[in-house]
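Please keep both in view while reading the points below.

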Amino acid sequence: MSFDSPRRAELRTRPTAALVRAAVIGGAALALALVLGRPDVILVGLPLLVWALVALARRTLRGEERAVVDPQQRVNRRSIEEGGTAAVTVRTDPGVLTAATLPLPPHADVAPRHGSFAGDGEVQMRVSAQRWGKVRVGPMHVLVADALGAYRAQRTLGPAEVQVVPASTVLDAPVEVPTPIGVSGVHLSRRRGDGTALSEVRAFRPGDRLHRINWRVTSRTGQMHTNATFTEQDTEVLIVTDTIADIAPAPWSDAEAPTSLDMTIRATSAIARHYLAAGDRVSLFDIGHLIGPVPAGSGPRQLRVLTTALSRASRDAGALRPSRRLRTVRSGTLTVVCTPLLSRDTIAQIGVLVSHGADVIVVDTLPPSIGDTSVLQGKPLRIEGKISDRFWPEAWAMRRLLREKTVRELREAGVPVTAWEGPSSLAPVLLSLSAARTAPRMRRS
């Protein structure tokens, strides 16, 4: 809502209890002085009566006999990054005491600290989001009063939503891909053609371009030679996210420890930003129904589309979402699957992607505190001074051991699995895939 709208609504005000008491006590003192014939009694209620008359006169002179300007709310930014700040401003008119109270939203900080602030005609509070997703700002309770506190009114303003996109993490990894499949781009392909990377110097053949003749070799050998180059192609990167369930970190971990969904979204954002900056086409498929598919695209616009889709995701604690399957994938597509590897449907989908000929990388997004055996001391675990009668640490430790079998089978099938530990998580995997692509093959008889 804009502050400079030509027509602004009004809010009806009511006398405060202080004004009523001042008028009653002042009037009673004046009546007793007249009845008893004692002028000194007037001095008891005269200050209160004067204050009430001044408040009434001020109200009349300012044209606030029945109402004041209705407070208006504005949020300066509807979309911010993790750690970013949005300002929430409530404005009435100068000379009107305005007090606002904002409930503390989850995963966000409010300044002032307790979410309450007062000012002259305008109040501004700042909301800093700590995690991605939708942040619900409000509803805000606003109390307005005149400068003397004689008349006041209150209004509850509706909530506003701020979308928090994942942080702009720069992935510390090479841009090489195992199988470039596009027409043009920055990746060296396996086939020779027009490009800038030298493949070999060979004898001239009919059809070769004259500007590629290597005159130094030609003059030395006496036979015309030309430079052969590799073509430079882009590729299509498919990011598959597993949002079927959000696995919270262990109770003994830090308060700001990320959940599996946090790690999945942050890894997705970093990978998409990395390859879009290299000029590749990036698409998104969600095995759960939380984010929704994003068609392939490239450039800054595609990055905005992806981050907007990620920021619109909601956080339903403990909610299990149905899974869906990806029907087809182009052979040679670099596919990054971000998953905690707990769902059978997700593991089956990885097998389907491999069977279609995709270059699959699995990014493990299970919180490291889940299944941590270092907390097992042979006695019940105390959490916040209380002993739990459930064996959650032991249960998760057994579940992680079972999951290790799945990880081992994937690696034996040629699918690398790496844990998400920040921007440098994918560097070793991409380097190994690039080395495997360029390694010499043994000829089969």
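The model discussed here is predicted. Helix 4 and helix 5 pack at an angle of about 175°, and they are therefore roughly antiparallel to each other.

**Helix 4 and helix 5**

- The axes of helix 4 and helix 5 are 10 Å apart.
- On the side of helix 4, the contact is made by Ile-265, Thr-268, Ser-269, Ala-272, Arg-273 and Leu-276.
- Helix 5 contributes Gly-299, Gln-302, Leu-303, Leu-306, Thr-307 and Leu-310 to this contact.
- By residue type, the contact of helix 4 with helix 5 divides into 6 nonpolar, 5 polar and 1 charged.

**Helix 1 and helix 2**

- Helix 1 spans residues 17–36 and helix 2 spans residues 42–61; the two pack at an angle of about 140°, and their axes are 7 Å apart.
- That angle makes helix 1 oblique to helix 2.
- The crossing in which helix 1 passes helix 2 is left-handed.
- Among the residues of helix 1 that make the contact are Ala-18, Leu-19, Ala-22, Ile-25, Gly-26 and Leu-30, while those of helix 2 include Ile-42, Gly-45, Leu-48 and Trp-51.
- The residues of the contact of helix 1 with helix 2 comprise 13 nonpolar, 3 polar and no charged.
- The loop between helix 1 and helix 2 contains Pro-39.
- Is Pro-39 buried or exposed? Pro-39 has a relative accessible area of 60%, so it is exposed.
- Ala-29 and Pro-39 are separated by 10 residues in sequence and by 9.6 Å in space, C-alpha to C-alpha.

**Nonpolar cores**

- In soluble globular proteins, nonpolar side chains tend to be buried together.
- The largest nonpolar core of this model has 29 residues, and those with the most contacts inside it are Ile-239, Ile-271, Val-282, Ile-291 and Val-363.
- At least two residues of this core come from each of strand 17 (236–241), helix 4 (260–277), strand 18 (281–286), helix 5 (299–311), strand 20 (334–339) and strand 21 (359–364).
- Which element gives the most to this core? Helix 4 does, with 9 residues.
- Leaving aside its neighbours within four places in sequence, Val-363 is in contact with residues that include Ala-267, Ile-271, Val-336, Cys-338, Trp-420 and Leu-426.
- Another core, of 25 residues, lies apart from the largest one; Leu-102, Ala-108, Ala-153 and Val-164 are among its residues.

**Cis peptide bonds**

- Ala-111 and Pro-112 are joined by a cis peptide bond, for which omega is about 5°.
- Pro-112 is located in the loop between strand 8 (108–111) and strand 9 (116–120).
- A cis peptide bond also runs from Gly-138 to Pro-139, with omega near 0°.
- Pro-139 belongs to the loop between strand 11 (133–137) and strand 12 (140–145).

**A positive phi angle**

- Leu-341 is not a glycine, yet its phi is positive, at about 60°.
- The position of Leu-341 is in the loop between strand 20 and helix 6 (344–355).
- Is Leu-341 buried or exposed? The relative accessible area of Leu-341 is 1%, and Leu-341 is therefore buried.

Note on methods
Residues are numbered from 1 along each chain as its sequence is written. This is a predicted model: local features need pLDDT of at least 70, side-chain atom pairs count only at pLDDT 80 or more; totals for chains, interfaces and linings use all residues. Side-chain values use heavy atoms; hydrogens and water are left out. Axes are lines fitted to C-alpha atoms, for helices over the stretch in contact, and angles run from 0 to 180 degrees between N-to-C directions. Helices (H or I, at least four residues) and strands (E, at least two) are DSSP runs, numbered from the N terminus. Angles under 35 degrees count as roughly parallel, over 145 as roughly antiparallel, 65 to 115 as roughly perpendicular and the rest as oblique. A crossing is left-handed if the near helix is turned anticlockwise from the far one by less than a right angle, and right-handed if clockwise. Contact means heavy atoms within 4.5 Å. Ala, Val, Leu, Ile, Met, Phe, Trp, Tyr, Cys and Pro count as nonpolar, Asp, Glu, Lys and Arg as charged, and the others, Gly among them, as polar. A nonpolar core is a set of buried Ala, Val, Leu, Ile, Met, Phe, Trp, Tyr and Cys residues joined through side-chain atoms within 4.5 Å. Buried means under 20% relative accessible area, exposed over 50%, partly exposed in between (1.4 Å probe, protein chains only).
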